[in-house]
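Please open the structure in your viewer and keep the selection tool at hand.

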Amino acid sequence: MSKERLYLFDTTLRDGAQTSGVDFSLADKILIAGMLDELGVDYVEGGYPGANPTDTGFFEEKRTDRATFTAFGMTKRAGVSLSNDPGLRDLLAAHADAICFVAKTWDYHVEVALKTSEQENLEGIRQSVAAAREAGREVLLDCEHFFDGYKANPAYALACAKAAHDAGARWVVLCDTNGGTMPEEVAAIVAEVAKTIPGDHLGIHAHNDTDQAIANSLAAVRAGARQVQGTLNGIGERCGNASLTSLIPTLMLKPAYAERFEIGISEAGLAGLTPLAHRFDELVNRAPNRQAAYVGASAFTTKAGIHASAIARDPRTYEHVPPEKVGNRRHVLVSDQAGKANLIAELSRMGIAVDRADRRLDTLLSELKAREAIGYAYENADASFELLARRTLGDVPDYFEVESFHVTVERRHNALGELVSVSEAVVKMIVGGERLLSVSEGNGPVNALDRALRKDLGDYRHAIADLELTDYRVRILNGGTEAVTRVLIESSDASGDSWFTVGVSENIVDASFEALIDSMTYKLMRAGVEPT
Ligand SMILES: [Zn+2]
């Protein structure tokens with residue numbers, strides 16, 4: 001039986017740009033369009049040409065190879081002719097394969113917001129769609145507030161959708177603009193609309209205001225819609241849009257959808273989804289959501305000992321899909337709840353085979369518990385855990401030894417009279433039997449230490465040249481002046497890999513230093529560098 005084709009429409013660069021804290025540059029947009037194109041989505045909506053210089057610049061050329069490159073804009077304004085509408089002119093001038101018009105379909109909005117007549121709004125839809133078709137573009141109509149509009153006045157909402165379809169729009173997209181519609185309402189309304197407009201011309205654009213954007217999208221698909229709109233990692237205004245990062249694996253891995261539909265994403269694309277989701281977060285400078293479905297760091301993570309031993313025996317006992325299918329991985333947390341089973345499972349994932357009867361395992365377990373009692377948290381610091389484990393088992397090389405360090409922080413006015421803060425670090429270390437002294441300035445004490453360490457790591461310098469500190473998190477434990485500080489550092493390198501290290505001390509600089517040293521040692525060890 002041949003499968004029905006479902007089309008994925010990405011609006012990360014248009015609706016996703018409405019996310020608070022997200023501000024795409026032209027270079028970001030070009031990069032993200034490339035990522036989406038490579039992933040295999042069918043449509044990449046790039047923005048609103050004419051609305052701002054970035055979007056106008058973005059549409060100066062086609063930015064996708066495979067995906068239908070789509071420009072977004074309003075239908076013709078009421079009271080002006082097609083040729084006198086500057087918005088429409090900008091849209092038609094954009095180097096896009098398709099134009100997605102947005103139009104009001106809720107009678108209340110037509111009267112109150114547009115201050116125009118229902119008839120004139122319908123005419124605007126008709127003329128705009130026809131003009132874009134004449135210009136050789138594929139056309140989509142985003143029916144704004146469709147579900148609320150349909151509940152208020154079904155005949156008018158449907159008339160708007162039909163006007164677009166009759167004028168030659170390839171897709172009529174039903175938008176839950178406020179994001180408050182329930183899945184059962186979406187299902188009922190889409191099924192009704194599909195009696196007038198065939199489902200393979202209907203799209204769904206769901207927002208996540210009741211945490212049901214995915215449920216609403218799937219309800220629409222089951223009711224007949226064949227285009228689904230969404231964004232990477234579900235970014236978007238307010239609570240976001242439907243997350244394509246969650247939808248794609250569901251459509252490809254859940255039999256109810258996978259057996260019935262096919263989408264444009266390959267198995268390889270699916271297997272690259274987790275790295276892609278993280279790269280995207282990196283680009284928009286957001287901390288990844290650890291609990292994101294499929295791609296979150298915790299999505300296949302188990303903590304309790306009893307689950308861990310079951311997972312070690314058969315992963316299917318606690319995993320709804322195999323993590324590697326989406327490019328994620330199984331992770332057994334090593335924590336103070338750890339039993340031997342967790343430990344063995346995690347060690348074996350790292351490629352360390354240890355016999356259950358090995359006494360060093362008990363040493364590692366008690367060391368782990370003692371350290372967690374004073375504030376270390378290894379469940380979020382995989383690299384520090386691996387170092388601790390390998391040290392206990394005796395296979396971490398002694399790359400270098402830090403004898404002492406000294407950091408100063410100075411806040412003063414510079415020659416221009418500006419208030420500046422300058423840090424200087426002096427590190428004394430022994431590398432390859434040689435005593436070295438390294439001095440460096442930085443914009444803060446940790447930065448100065450990092451630079452001083454890198455400056456004089458002798459033969460190791462080239463091996464850590466691409467190491468980058470990508471995230472730095474500080475937690476104060478216990479509270480009060482006797483507080484202990486826990487620092488978690490995320491590092492990455494040119495290969496795209498990232499790892500976490502942890503340091504704990506009463507002193508924040510000291511804790512940072514410990515995490516920093518772990519990160520460098522881990523990088524050297526993984527690169528297979530021989531100690532000098
Ligand atoms: Zn939207």
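Predicted model: local features only at pLDDT ≥ 70, side-chain atom pairs only at ≥ 80, totals over all residues.

Residues are numbered from 1 along each chain as its sequence is written, and side-chain values use heavy atoms, with hydrogens and water left out.

**Stop one: an open sheet**

Begin by selecting residues 419-431, which form strand S14; here helices (H or I, at least four residues) and strands (E, at least two) are DSSP runs, numbered from the N terminus. This strand belongs to an open sheet of three strands in the order S13-S14-S15, with antiparallel pairing, where two strands count as paired if DSSP finds at least two bridges between them.

Is strand S6 (residues 138-144) largely enclosed or open? Six of its seven residues are buried, so S6 is largely enclosed by the rest of the structure; buried means under 20% relative accessible area, exposed over 50%, and partly exposed in between (1.4 Å probe, protein chains only). Strand S5 (residues 98-104) runs parallel to S6 and is joined to it by seven bridges, with Phe-101 standing opposite Leu-141 in S6. Strand S7 (residues 171-176) also runs parallel to S6, through four bridges, and Trp-171 in S7 is the bridge partner of Leu-140.

Next, select His-145, which lies in the loop between S6 and helix H6 (146-152). His-145 has a positive phi of about 50° although it is not a glycine, and at 8% relative accessibility it counts as buried.

Move on to Asp-281, which is found in helix H13 (residues 273-283) and is buried, with a relative accessible area of 6%. Leaving out residues up to four places away in sequence, Asp-281 touches Asn-233, Arg-286, Pro-288 and Asn-289. In the loop between H13 and strand S11 (301-302), select Tyr-294, a residue that has a positive phi of about 65° although it is not a glycine.

**Stop four: salt bridges**

The structure holds 31 salt bridges, a salt bridge being a side-chain nitrogen of Lys or Arg within 4 Å of a carboxyl oxygen of Asp or Glu. Select Arg-126 and Glu-123, whose side chains meet in a salt bridge (2.8 Å, N to O); both lie in helix H5 (residues 118-134), three residues apart, about one turn of the helix.

For another pair, select Asp-493 and Lys-523, which form a salt bridge with the closest N and O atoms 3.0 Å apart. Asp-493 lies in the loop between strand S17 (484-492) and strand S18 (498-505) and Lys-523 in helix H19, so the pair ties together parts that are 30 residues apart in sequence. Both Asp-493 and Lys-523 are buried, and salt bridges that share partners join Asp-466, Asp-493, Asp-497, Lys-523 and Arg-526 into one network.

**Stop five: a loop cysteine**

Finally, select Cys-239, in the loop between strand S9 (227-230) and helix H10 (244-253), which counts as partly exposed at 43% relative accessibility. Apart from its neighbours within four places in sequence, Cys-239 is in contact with Asn-208, Asp-209 and Gly-234.

Terms used. Contact = heavy atoms within 4.5 Å.
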